Amino acid sequence: MIKNKGKRNQGQVMLVVVILFMSISLIVVSGIISPTIRNIKVSSDLLKSKQSLFLSGSGVADAIYRIKNNLQISEQEFLSINEQIATTSIIDTFDIKNIISVSNYSNYFRSIEVKMVRGIPLPFYYGAQTGKGGFTMSGNSQVNGSIYSGGSVSGGSVIGSVVSAGPTGFISDVKVGALGVGDAHAHTVLNSNIQGLLKCKVGFDNNKICDTSFANPGPVEMPISSEQIAKWKTEVEALPENIIVGNYSPSQPVTLGPVKITGNFEIKNTVNMVGTIWVEGELKFLNANAKIILDTSTYENKSGVILVDKYVNFSGGSQILSTGIPGSYVMLLITSDCPVSSFCSDNNAISASGGAGSVVLAAPYGTISFSGNSKAKQVIADKIIAAGTTLIEYEDGLAEIVFLSGPSGDYSVVSFSEVE
């Protein structure tokens, strides 16, 4: 009897041990499985969220494709993928399209917003930008803005910063900045007064000592590519009825553009510009009444382009003027390497002795020279020479400049962001 009782006690102990072991095992297994289940759910949620974002992105991409290719598009479009739907709304204002695409993928909402503007955005971040030819100033020349140069910078006054790139970067005899603001950054800086930081490896006769902790500044691409120049020309040539063969010298004020002139363009009066003007020869301003003015109803706050394949001379009161609405400019773009090529006859790509106006002067392959009381808003060239009382007056709006392109203009994406 006592023996059987001992066995029963042993059995009870074993049962308790088994139950305890199973309980511990369940706790351990639960501790392993629960995080795994949570991770699986998190991964599933993340996948669905990403699929929703992909769906809304697809709605935006479809709208952008339709707008850029001039295809039919409604104020509201629906795109279905795997029985899930993205709703894309297009809100039109003048020259601006706001695209908002909202997707609902298994109750996971994602939304993308895109802003498109009619025209080609080409931001200009410097008052003057040069290639390896550099920037030489003398007299009372001044740049109200920053300078970036692939070559040396010498002389003059700069209300901004000055950068001369590469291991041979060189700044000399320049007054840089004002009121404690305005840096100089080059390998070598000589005989200069710098209001901000002096970043250089070698420096002599400056108002402060070089901070040598900075690397030499690297190269920066020109804001205007050869591909963009070719595109502007192609758009003009697409309208053969607007090609003027030979030299063109209207005796009365004219409205012009888009147009290609295969010879020289001689201006005596006012030219009302309603589209891109491309001159294969020289652009000549013959007197003080010679002006090119952007048409306000066509361009409003947008900018226009004048292409010249040889060279141009400004003198006296000759000017190129925008619409007068903030954000509007004219870019005079010379595509030659003048004065290098033989057809240049020793003329620089742009020579300005007074005049110019609300214009961006660009000669990415050639030289721009200033003398007298010349003015411009922004200058781009392989080489710049400024004398007299030249003033380059950079405006903040040039960082967001948009050029109207073609007869109806292209739409370009200027912002892209997720809003939900």
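This is a predicted model: local features need pLDDT of at least 70, side-chain atom pairs count only at pLDDT 80 or more; totals for chains, interfaces and linings use all residues.

Student: Okay, how many helices and strands does the protein chain have?

Tutor: The protein chain has three helices and 36 strands.

Student: And what share of its residues count as buried?

Tutor: Of the 420 residues in the protein chain, 44% count as buried. As for contacts with a separation of 6 or more, 45% are between residues 24 or more positions apart.

Student: Which residues touch the most other members in the largest nonpolar core?

Tutor: Phe-135, Phe-265, Ile-306 and Leu-332 do, in a core of 61 residues. Strand E32, residues 359–376, gives the most to this core, with six residues.

Student: What does Phe-135 touch, leaving out residues up to four places away in sequence?

Tutor: Its contacts include Ala-128, Val-143, Ile-147 and Val-153, and also Ile-384, Ala-386 and Ile-392. Ser-149, Ser-152 and Ser-154 are among the residues that Phe-135 touches too.

Student: Which residues are in the second core?

Tutor: That separate core has 20 residues, including Ile-229, Trp-232, Trp-278 and Ala-362. Trp-232 also turns up in a cluster, where ring pairs link it with Phe-124 and Phe-403.

Student: Back to Ile-306. Which strand is it in, and is that strand covered or open?

Tutor: Ile-306 belongs to E27, a strand of residues 304–308 in which five of five residues are buried.

Student: Which residues lie on which side?

Tutor: Gly-304, Ile-306 and Val-308 are on one side of E27, with Val-305 and Leu-307 on the other. Side chains in a regular strand alternate between the two faces of the sheet.

Student: Which strands is E27 joined to?

Tutor: Strand E24, residues 277–279, runs parallel to E27 and is joined to it by three bridges. Five bridges join E27 to strand E30, residues 330–334, and these two also run parallel.

Student: What stands opposite what there?

Tutor: Val-279 stands opposite Val-308 in E27. Ile-306 stands opposite Leu-332 in E30. Both Ile-306 and Leu-332 are among the residues named for touching the most other members of the largest core.

Student: Changing topic: how many aromatic pairs are there?

Tutor: The structure holds five. One of them is Tyr-248 with Phe-265, whose ring centres are 5.6 Å apart.

Student: Why does that pair count as stacked?

Tutor: The planes of Tyr-248 and Phe-265 are at 20°, and planes under 30 degrees apart count as stacked.

Student: Where do the two sit in the chain?

Tutor: Tyr-248 is in the loop between strands E19 and E20, while Phe-265 is in strand E22, and they are 17 residues apart. Phe-265 has 0% relative accessibility, so it counts as buried.

Student: How about Phe-285 and Phe-314, what is their geometry?

Tutor: They form a stacked pair, 5.0 Å centre to centre with 25° between the planes. Phe-285 lies in strand E25 and Phe-314 in strand E28, so the pair ties together parts 29 residues apart in sequence.

Student: Are those two buried or exposed?

Tutor: Phe-285 is buried, with a relative accessible area of 7%. Phe-314 counts as buried as well, at 1% relative accessibility.

Student: What sits over the ring of Phe-214?

Tutor: The charged end of Lys-199 does, 4.7 Å from the ring centre.

Student: Last topic. How many disulfides does the count come to, and which cysteines do they join?

Tutor: The count comes to two. Cys-200 is joined to Cys-210, with an S to S distance of 1.7 Å, and Cys-338 is joined to Cys-344, with 2.0 Å from S to S.

Student: Where is the Cys-200 to Cys-210 pair?

Tutor: Cys-200 is in the loop between strands E17 and E18, and Cys-210 is in the loop between E18 and helix H2, 10 residues apart. Both cysteines are buried.

Student: Is the disulfide of Cys-338 and Cys-344 left-handed or right-handed?

Tutor: The torsion about its S-S bond is about -90°, so this disulfide is left-handed. The disulfide of Cys-200 and Cys-210 is left-handed too, with a torsion of about -90°.

Student: What is the pairing if I number the bonded cysteines in sequence order?

Tutor: The pairing is 1-2, 3-4.

Definitions and conventions
Residues are numbered from 1 along each chain as its sequence is written. Side-chain values use heavy atoms; hydrogens and water are left out. A nonpolar core is a set of buried Ala, Val, Leu, Ile, Met, Phe, Trp, Tyr and Cys residues joined through side-chain atoms within 4.5 Å. Buried means under 20% relative accessible area, exposed over 50%, partly exposed in between (1.4 Å probe, protein chains only). Helices (H or I, at least four residues) and strands (E, at least two) are DSSP runs, numbered from the N terminus. Contact means heavy atoms within 4.5 Å. Two strands pair if DSSP finds at least two bridges between them. Rings of Phe, Tyr and Trp (its six-membered ring) pair if their centres lie within 6.5 Å; planes under 30 degrees apart count as stacked, over 60 as edge-to-face and the rest as tilted. A charge sits over a ring if NZ of Lys or CZ of Arg is within 6 Å of the ring centre and within 35 degrees of the ring normal. A disulfide is a pair of cysteine sulfur atoms within 2.5 Å.
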